[in-house]
Amino acid sequence: LETQIRAPSAASSQILWIVSASLPENRTLPRKLAAKLEDIAQLHGGAVPLHGRLFAQWMHFAYPRECPYPHVSGTTRPVTDSEFHSETRNSPRFSRSEMKNYIESMAAAQPPKPGADAKEDPRDTCISDMWEHKEELVDWASWNVTLVGARP
């Protein structure tokens, strides 16, 4: 994406075009995801910063297996598998059958929303439920402004 855009930010339409062109033929982006990209652009005066947390979150929903979810700084405490096992005495991994059972139980527990359109994309619900509208920018200019403002 960065090699095609060649800039620190881009219009949401340009990003959507590049990302949509890179998806396999049997896959499309959820409508709500396109709207979220436009929201990010509006927040930043019309352009999406490529090195921000919100865009990283957007990329996670577009490519959930390739892009990790960008937690807000300071809200998680990463641990290794062995640390997790030592602290909890549980396995840090789920078996395929455990994952299948979880997915089936979640699908069964989700009653249809009142007035929900039968054509509604279930991926839109996931995006709405999990989206965290908190931005963190990773760029030199913002970092420098923050440092200058923090000096006595």
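Mentor: The protein has an average pLDDT of 84, and 82% of the residues score at least 70; pLDDT is the predictor's confidence in each residue, from 0 to 100. This is a predicted model, so local features need pLDDT of at least 70 and side-chain atom pairs count only at pLDDT 80 or more, while totals for chains, interfaces and linings use all residues. Residues are numbered from 1 along each chain as its sequence is written, and side-chain values use heavy atoms, leaving out hydrogens and water.

Trainee: Which elements have the lowest and highest mean pLDDT?

Mentor: The lowest is helix α8 (residues 140–150) at 54, and the highest is helix α5 (residues 81–88) at 95. Helices (H or I, at least four residues) and strands (E, at least two) are DSSP runs, numbered from the N terminus.

Trainee: How many helices and strands are there?

Mentor: Eight helices and two strands, in the order α-β-α-α-β-α-α-α-α-α from the N terminus.

Trainee: Switching to aromatics: how many pairs?

Mentor: Two aromatic pairs. One of them, F55 with W58, is stacked, at 5.9 Å centre to centre and 10 degrees between the planes. Rings of Phe, Tyr and Trp (its six-membered ring) pair if their centres lie within 6.5 Å; planes under 30 degrees apart count as stacked, over 60 as edge-to-face and the rest as tilted.

Trainee: And where do F55 and W58 lie? Buried or exposed?

Mentor: Both are in helix α4 (residues 53–62), three residues apart, about one turn of the helix. F55 and W58 are both buried (under 20% relative accessible area; exposed is over 50%, partly exposed in between, with a 1.4 Å probe and protein chains only).
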